[in-house]
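Colleague: I would like to go through the charged side-chain pairs in this model. Show me the structure, and then how to read such a pair.

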Amino acid sequence: MSRETHIPAKPTEACPYPRVPQPHVNQERPQGSGKSPGQGSQTFGNELKSVILRRLQKRAEFLRAAKGDTVRRKLVVVQSCKRHDESPEVGEGFTSTRKIGGAVVRNRARRRLRVASRQLLPLHGRPGHDYVFIARAGTAVAPWESLLDDVETALIRLHSNKTENKGRASNRH
């Protein structure tokens, strides 16, 4: 008796639900585009504003932003400083402390701040500036509209005339 298994010669039928989705299923991002959705030109309504976002990664960049202007809101603290390197990029950094919760809560808060930043920095950020977004206690669970409103208000206040005349804006909310 042989130990070989009988394999039929005719091919089996294809499964109706393949594991890999077809190319036409995901239309959110065109095939082969090299940029992620958060970088490059962004369109908001009829306005087209080209912004290059750069992630702050070094501790020195965060400390430099902490010495600049600060606006505090209920859900977020935004710090900003002007770089002197004549670069057209807008720097963005995100941080959260253990005061707001465990790792899951902190990660969720930073993810939400990243999305809010990518939506609002092209509208309200200035080239050659770095922005640090600091999560507060309600950032991870607040309604999305409230978070967007707080981030937008903070960005607008950072560049208002009062802020530029004061040197350091510490608007408490």
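Colleague: Which side chains meet Arg-83 and Asp-85 in what kind of contact?

Modeller: A salt bridge is a side-chain nitrogen of Lys or Arg within 4 Å of a carboxyl oxygen of Asp or Glu. Here the side chains of Arg-83 and Asp-85 form one with each other, at 3.4 Å from N to O. This is a predicted model, in which local features need pLDDT of at least 70 and side-chain atom pairs count only at pLDDT 80 or more, while totals for chains, interfaces and linings use all residues. Residues are numbered from 1 along each chain as its sequence is written, and side-chain values use heavy atoms, with hydrogens and water left out.

Colleague: Is Arg-83 buried or exposed?

Modeller: Buried means under 20% relative accessible area, exposed over 50%, and partly exposed in between (1.4 Å probe, protein chains only). Arg-83, at 5%, is buried; Asp-85, at 46%, is partly exposed.

Colleague: Which parts of the chain does the pair of Asp-130 and Arg-64 link?

Modeller: Helices (H or I, at least four residues) and strands (E, at least two) are DSSP runs, numbered from the N terminus. Asp-130 forms a salt bridge with Arg-64, with the closest N and O atoms 2.7 Å apart. Asp-130 sits in strand 7 (residues 129–135) and Arg-64 in helix 1 (residues 59–66), 66 residues apart. Asp-130 is buried at 0%, whereas Arg-64 is partly exposed at 37%.

Colleague: How many salt bridges does the structure hold?

Modeller: Eight. Arg-83, Asp-85, Arg-64 and Asp-130 are among the residues linked in a network of salt bridges, which also includes Glu-61.
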